Amino acid sequence: MIGRRDVLRIGATGAVALGSVAAGLLLHAREGVADLHSLPTIKDHRLPKLAGAVDMVIAHGADPTLNTRRAIEALGGMGRFVKKGERVAIKPNIGWNRLPEQAANTNPDVVAEVVRQVRAAGASKIWVTDASVNTPEQCFARSGIQKAAGEAGATIVLPEARAFREVDVAGRILRTADVLYPIIEADRVINIPIVKQHGLSGATLSMKNWYGVLGGQRVTLHQSIFVSIVDLAVMVKPTLTILDATRALMANGPTGGNLADVKAMDLVAAGSDEVAIDAFGATLLGLDPFKLGFVIEGLRVGLGTPRYKDLKLVELGS
Amino acid sequence: MKYVVFAVLVLIPVFLVGWVVREGRSVPPTSPLASAAFAGGTAAPEGPKADPDDAPLLALFEGSPGGAKAKAMPSLYDEKRLFDYIDGAAPLYIDRHFRRLAAAEMATADGADLTCDVYDMREAENAASIFLSEKSGSSKTVDDWPQALVGSMSFVFRKGRYYVKLTAFDKKSEAALPGLALALRERMQ
């Protein structure tokens, strides 16, 4: 028989049990909330605009190294963008198992010169990284960037699983994303895209180059491509953008392969306004920047201006 | 009886608290990308499992067609994964009823590297459509083979449901492209 005392004892034990469960669930829920809010975001790497400073430079010439050096010098030198002891992440396009001549990846001479300039400015660490589309080892080697950037003094970061950290994107397409750690940890970020035709977005230039900091499947990002491109450009705001147009892939991008699709442009453009740089890059492909979805979206969200000719622009001849 | 009731009441919270803690430790990643393509390191994302329709596609790479040998099993890409290989060019194929891509890096007998991408477009008319859309301005047609185009470092052709893109990385591998193309065409019966 169960007596009155037993009923009380069972009741008390039941209350403790239910209380434990409720407390456990509450604690669990709070931990979940805490996890979501503890994700890091990527800081804004842009520098305040200097009064009277040159905004954008276009340097023409047959030598990509010299074009890069002259463009940076005309902007005021790398010391304007990188201070002694800072850690710098450099993001070329190393997405493809292609040679430099095939113009699917950034020219290795341009990347190497940027590394040398950053090093001369006193950077304590220089990372060169990209989340390649094709097999990374092949892309980094065949592009010539691994060798050129490595010899110039950069640390090469391949997109291995351990190279990614989850961040809060708060974008319209992506809420969170796995991003290559140099982009998160760096004091300064330099974007070095190449000019390419792109089957879906029309062109791949500087803003689209941020696809290459993400891990995971790309299909999600291509569903609303202009919004995705600008979401990522809002996520990573670089200190400096150097557009490589030594060669441009005019058709069958972004993969290319056939040298018949490549056109020698022999120029490098540099500046801090990605929208302006992309507007200029679009013109190299024969596109009207005001009809390019991501340029217009970039303007709409206040990332920059497509009216690059209204900026303080310097054009250097060969 | 009362001991059984006691035991049950004591075990319930232990079980539930244990379950909560266990779930807390194995919460799935919040990012849709966290189960990333690179989960296995730097290898290409895992492709779809080969189905019986892939057998003739994979058979094209067996042995040494035209003297070139695949360095590893070809990677397979379906509609969803195609973006992971050709990024923004994928919709051009998907819009034309693309079914599967088999892609492999190959090496010639003298060690020159090239890539071989064979797209199964389901129907010959789809393969013809993508062949036309990707035609480069200065590519040249091949004598007696109007479904083939040769470019610098590049050879593309179509045969039936297949569209094939061969890409070289130097003069040696470029010279090997026509032989490989012919051998693949022969196998596409």
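## A walk through chains A and B

Helices here are DSSP runs of H or I with at least four residues, strands are runs of E with at least two, and both are numbered from the N terminus. The model is a predicted one, in which local features need pLDDT of at least 70 and side-chain atom pairs count only at pLDDT 80 or more, while totals for chains, interfaces and linings use all residues. Residues are numbered from 1 along each chain as its sequence is written, and chains are lettered from A and ligands numbered from 1 in the order in which they are written.

Staying with α5, which covers residues 145-152 of chain A, we find that its buried residues are I145(A), Q146(A), A148(A), A149(A) and A152(A). A residue is called buried if 20 or more other C-beta atoms lie within 10 Å of its own, exposed if 12 or fewer do, and partly exposed in between, with C-beta atoms placed from the backbone. The cover over these buried residues includes strands β2 (87-92), β3 (125-129) and β4 (155-157), together with helices α3 (108-120) and α4 (136-142) of chain A.

Leaving aside neighbours within four places in sequence, V115(A) is in contact with I90(A), I126(A), V128(A), A149(A), A152(A), G153(A) and A154(A); a contact means that the C-beta atoms of two residues, placed from the backbone, lie within 7 Å.

How does α7(A) pack against α9(A)? The two helices meet at an angle of about 45°, with their axes 9 Å apart. Axes are lines fitted to C-alpha atoms, for helices over the stretch in contact, and angles run from 0 to 180 degrees between N-to-C directions. That makes α7(A) oblique to α9(A), because angles under 35 degrees count as roughly parallel, over 145 as roughly antiparallel, 65 to 115 as roughly perpendicular and the rest as oblique. The crossing of α7(A) and α9(A) is right-handed; in a right-handed crossing the near helix is turned clockwise from the far one by less than a right angle, and in a left-handed one anticlockwise. On the α7(A) side, F226(A), V227(A), I229(A), V230(A) and A233(A) take part, meeting G293(A), F294(A), E297(A) and G298(A) of α9(A).

Helix α9 (residues 293-300) has another partner in α8 (residues 274-284) of chain A: their axes come within 10 Å and cross at roughly 155°. That angle makes α8(A) roughly antiparallel to α9(A). In this pair the crossing is left-handed. The contact joins E274(A), V275(A), D278(A), A279(A) and A282(A) of α8(A) to V295(A), G298(A) and L299(A) of α9(A).

The loop between β10 (240-249) and β11 (262-271) of chain A holds P254(A), and the peptide bond from G253(A) to P254(A) is cis, with omega near 5°. N252(A) is found in the loop between β10 and β11 too, and its phi is near 60°, a positive value in a residue other than glycine. N252(A) counts as buried because it has 27 C-beta neighbours inside 10 Å.

Stepping back, chain A has nine helices and 12 strands. Its C-alpha trace spans about 100 × 40 × 40 Å along its principal axes. An automatic or database domain assignment supplies the domain bounds, dividing chain A into domain 1 (1-38) and domain 2 (45-316). The C-alpha centres of these two domains lie 54 Å apart. Of the 318 residues in chain A, 54% are buried.

Chain B has six helices and eight strands, and 41% of its 189 residues count as buried. In chain B, D87(B) has a positive phi of about 50° although it is not a glycine. D87(B) lies in the loop between α3 (83-86) and α4 (90-94) of chain B, and counts as buried because it has 26 C-beta neighbours inside 10 Å.
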